[in-house]
Amino acid sequence: MSTTVTQQLEGWGRYPRISAECVRAGSRRDLQDAIASRDGKPMLARGMGRAYGDAALLSSGITLLTERLDRILGFDADTGWLRCEAGVSIAEIVRIFLPRGFFPPVVPGTRFVSVGGALASDIHGKNHHVAGTWSSHVRNVELLKSTGEIVVCDADHESELFRATAGGQGLTGIILSMEIRLIRVESPAVEMESIRVRNLEEFFEASDAASDWPYSVGWINGLAKGNSLGRGIFMAGRHAPAGTRVKKGPLALIPRRFLSGRLLQSNLLLNGLTARMFNAAYYRKQLRRNIRRNVGVYPYFFPLDAVHRWNLMYGNRGFFQYQYVVPPDPEHRALRQTLSEISNSRTLPVLGVIKEFGPEQHGGLSFPTPGVTVALDFPNQGDRSLSLFSRLDDIVADAGGRVYLTKDARLGRDAFRRMYPDWERWKVVRDAADPDGVFQSDLSRRLGLTDAVD
Amino acid sequence: MPVLILGATSRIAQAIAAEYAAAGETLYLAARDADEAERIAADLRVRHSATATAAAFDARDFDSHPALIAAAAEAMGGIDIAIVAFGETGEQKESESDFRKALSVIEVNYTGAVSVCEALAAHMAAHATENRSGVIAGISTVAGDRGRPSNYFYGSAKGGFSLYLQGLRGRMRRHGVHVMTAKLGFVDTPMTYGLKTRIPIASPEAAARAITRGIRRRKDTLYYPRFWRFVMFAIKAIPERLFKRLSV
């Protein structure tokens, strides 16, 4: 018997917002019961709801909340292999294992994601160029299929399903647990070098020069134009040696409860003026061209987590993140074209990030591919935002690039198919694993990923 | 202090186990779903380096209870704290139309709970020494304080269990064994999931802290959240003539 409760759900971008029938699972038996009593309805597992758009939304069907499947099942301190349930968050892993000298092999920009979501999105981090995606560090995954059967997939057994589950947006089955290998770190500090870059040329110079650093990322001003296109701050990092002391940043002095997006929830806060001021201040905050210092893992890896529910600052209308990757090109034509398109669009790119990716390895829907990725947050300005994105989609798809499905709320089917040419191969594996098409999401319906097999 | 938890897979029981594991106590987790109990034990071993064992336990298999208590005591070298945390709300409407459903609710929440408490009482009385006293903590509910149409099978079984614990408390006193009744109000568990109410709902972790604190302080009856003591005092004071007309 599973109690279903109708809840308002939204992604991190707060758009779209839906009413969903939810079951909160306390154990894997609850999930099996929910499948057995689903009465023909489609289903989708949802972790911490940090996907930006509709990847973790299911409008008609049953949403299985996995936040309470949060048990750590085993840890080998000699090798770093951690076995845990899907609802365990990266925040928990860092909290428990950093004091023991371990760190997740890949972390995204927020620590409030579940490991199930991390695998379903096949997340990347600032170390993608050397470490690959989340799934490159996962050795097996326990998957609950729509038949109620539990399969363990790895590189040998059900290897295609294993690969399709990585980046598979939760559509191959319910991820129950996985084994992920943590890396050893000597201290909870990060050595960081930040370089002010005036344009794209300087960004790529800095990025090339930092290729031996395991972590690298750039903050980019999406409003900069012309000769300043790509202006920002490039940041390289590495785990610091034992005994490294860190200096606390200014945010550490503000009591937690004052650092909440709830206090600044408004549709008016982010406008042309504040977007410009924010971007200018971020650039000028760094007075010297080059700074080296030691910081903690939290400000380095998860700077935005310092402000609880910062997404509320975009107000009720929500926001979009447009994250895309374009393949390497010595002249960076597609990159320049997209950035010019954005800075000339009268939209408000508030916060932007740029990074060079390493090699690709995936089962069809993973995002990272060699090249440059850019992610920019835009307040939802309706058609103005959407028409910009469809112009960008064309440039990105023409260049052989793609947008990140986990951040997406509006990509069309045709553009999707051009960007993810392997999608059909992925769908064959998915359909074989779930022939009745039980696992669906609003994203999968929008992109035609779970349509009935003809 | 070895701790035995019966019904270890409930969210409150898991949080209680985590409290004791963090304090370095040895745990024995008994539950109907032994595989799930084992996953919880594994979690305590990794997070807290605790010694935790899982075992299968069926509240309605009364004859098996003494052996289970003996096995737990054997595994941990005694039992200092036993927490009776299992329960089954059932569906009131189903219980009204099918007595077997009602019987299951009564057998789990009353007969089964009494059966394990009797086995525990016998064990603890036999093993009580000057420096080992023992605590039995039973998790009951404010719904057991007054019968209401919406959940009276569950409420009466739990209410009966509360009365039983009251009696046991007096009986065990001379053995130095303490008996605590925890009467819980709204806690964020499957029972209250989706409940639309303006009454605050406590987290399972907060309830677990209150219960372990109550055990440490040898409380007789603990209401949690605490305001429920006053709410139930007021509800019990309503004359039956009026109460039966209220739709509560």
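Predicted model: local features only at pLDDT ≥ 70, side-chain atom pairs only at ≥ 80, totals over all residues.
Local features need pLDDT of at least 70, side-chain atom pairs count only at pLDDT 80 or more, and totals for chains, interfaces and linings use all residues. Residues are numbered from 1 along each chain as its sequence is written, chains are lettered from A in the order in which they are written, and side-chain values use heavy atoms, with hydrogens and water left out.

Start with chain A. It has 13 helices and 19 strands. Both are DSSP runs numbered from the N terminus: helices are H or I with at least four residues, strands are E with at least two. The radius of gyration of chain A is 21 Å, close to the 22 Å from the globule rule for 454 residues, so the chain is as compact as a globular protein of that length. That radius is taken over C-alpha atoms, and the rule is 2.2 Å times the number of residues to the power 0.38. Along the principal axes, the C-alpha atoms of chain A fill a box of roughly 60 × 50 × 45 Å.

Next come the salt bridges. D54(A) forms one with R446(A), and their closest N and O atoms are 2.8 Å apart. This pair links distant parts of the chain, 392 residues apart. D54(A) sits in the loop between strand 3 (43-46) and strand 4 (62-65) of chain A, while R446(A) belongs to helix 13 (residues 442-447) of chain A.

Chain A is divided into domain 1 (72-185) and domain 2 (189-410). These bounds come from an automatic or database domain assignment. The C-alpha centres of the two domains lie 25 Å apart. Contact here means heavy atoms within 4.5 Å. By that rule, 31 residues of domain 1 of chain A touch 30 residues of domain 2 of chain A. The area buried between them is about 2500 Å², and carbon and sulfur atoms give 57% of it. Buried area is the accessible area (1.4 Å probe) that two parts lose on being put together, summed over both.

On the domain 1 side, R111(A), K126(A) and H129(A) lose the most area to domain 2 of chain A, together 28% of what that side buries. R111(A) also meets D305(A) in a salt bridge (3.3 Å, N to O). The count between the two domains is 1 salt bridge. Helix 2 (90-97), helix 4 (128-131) and helix 5 (159-165) of chain A each supply at least two residues of the domain 1 side. That side divides into 13 nonpolar, 13 polar and 5 charged residues. Ala, Val, Leu, Ile, Met, Phe, Trp, Tyr, Cys and Pro count as nonpolar, Asp, Glu, Lys and Arg as charged, and the others, Gly among them, as polar.

Now turn to chain B. Its contacts with chain A join 18 residues of chain B to 26 residues of chain A. The two chains bury about 1800 Å² between them, of which carbon and sulfur atoms give 44%. Across this interface the rule finds 7 salt bridges. The side chains of E85(A) and R39(B) meet in a salt bridge (3.9 Å, N to O). Helix 1 (11-22) and helix 2 (34-48) of chain B are the elements giving two or more residues to the side of chain B that touches chain A. Helix 2 of chain B gives the most, with 7 residues. The residues of this side divide into 6 nonpolar, 3 polar and 9 charged.

Notes. Salt bridge = Lys/Arg side-chain N within 4 Å of Asp/Glu carboxyl O.
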